[in-house]
Amino acid sequence: MFLLSKIMQYKLILGMFCAGLYATSSLCIKASVLAAPLDLAAQQVQAEMRRVGQVRFTAPDFKPGTIRHMVMFRFKPQTTPAERFEVTKRFMELAELSHRMDGKKVILSLETGPQISGENADIGLEQGYLVTFASEGDRNFYVGRPIVTDIRYFDPAHDAFKHFASAYIAQAVVFDFPVAMRGQPQ
């Protein structure tokens, strides 16, 4: 009970701190992510990063193979069509802006589109993005925080985008997977 009480106090203090600054700060985003329980995939990825270190974890040749990074946004109700357009424009620019210190791009391809399914299973998500990488290392470098915390080993362009876009996004869903050949189970 004491531990639960301390956790609730931490969340309350964190919420007041973030509201006092501004809720879109990367510090508040990082802190709120850290306060949430990690799912199994996040636990495994973070454990692997600790095991191999940030340098290896973000290397271009770390776990080569096609990786798809699906991102879906639900915008805040007050987000205007012009702001939505700007978020998507800036996201798409990451295809050119995201690169390593040596200038090598980390994104193989980047696609986007609005939600148009009639299946009534979109949970309010409005815009989707599909980012393709040549390795898990490239994906790890691109994703950066909250997993990779050393600025030398993550993409500053993507980090800046996350900071910008957080003012307009009510919810983001991310799902990554390695591309399997047709007919071959994982």
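Here are a few friendly notes on this predicted model, taken point by point.

1. Let's start with the sheet. It is open and built from four strands in the order β2-β3-β1-β4, with antiparallel pairing. The edges are β2 (109-114) and β4 (169-178), each of which pairs on one side only. On average, neighbouring strands are turned by 15° against each other, direction ignored.

2. For the pairing of β1 (residues 64-75) with β4, count nine bridges, in the antiparallel sense.

3. Which strands does helix α6 lie across? Helix α6 (residues 136-143) lies across β1, β3 (127-135) and β4, and runs at about 130° to β3.

4. The largest nonpolar core has 23 residues, and those touching the most other members are Phe-73, Val-87, Phe-91, Ile-107, Tyr-142 and Phe-161. At least two residues of this core come from each of β1, α5 (81-97), β3, α6 and α7 (156-165).

5. Is Glu-48 buried or exposed? This residue sits in helix α3 (residues 40-52). Glu-48 counts as buried because its relative accessibility is 12%, and the cut-off for buried is under 20%. Not counting residues up to four places away in sequence, Glu-48 touches Gly-53, Phe-57, Phe-62, Lys-63 and Glu-136.

Technical notes. Residues are numbered from 1 along each chain as its sequence is written. This is a predicted model: local features need pLDDT of at least 70, side-chain atom pairs count only at pLDDT 80 or more; totals for chains, interfaces and linings use all residues. Side-chain values use heavy atoms; hydrogens and water are left out. Buried means under 20% relative accessible area, exposed over 50%, partly exposed in between (1.4 Å probe, protein chains only). Contact means heavy atoms within 4.5 Å. Two strands pair if DSSP finds at least two bridges between them. Axes are lines fitted to C-alpha atoms, for helices over the stretch in contact, and angles run from 0 to 180 degrees between N-to-C directions. A nonpolar core is a set of buried Ala, Val, Leu, Ile, Met, Phe, Trp, Tyr and Cys residues joined through side-chain atoms within 4.5 Å.
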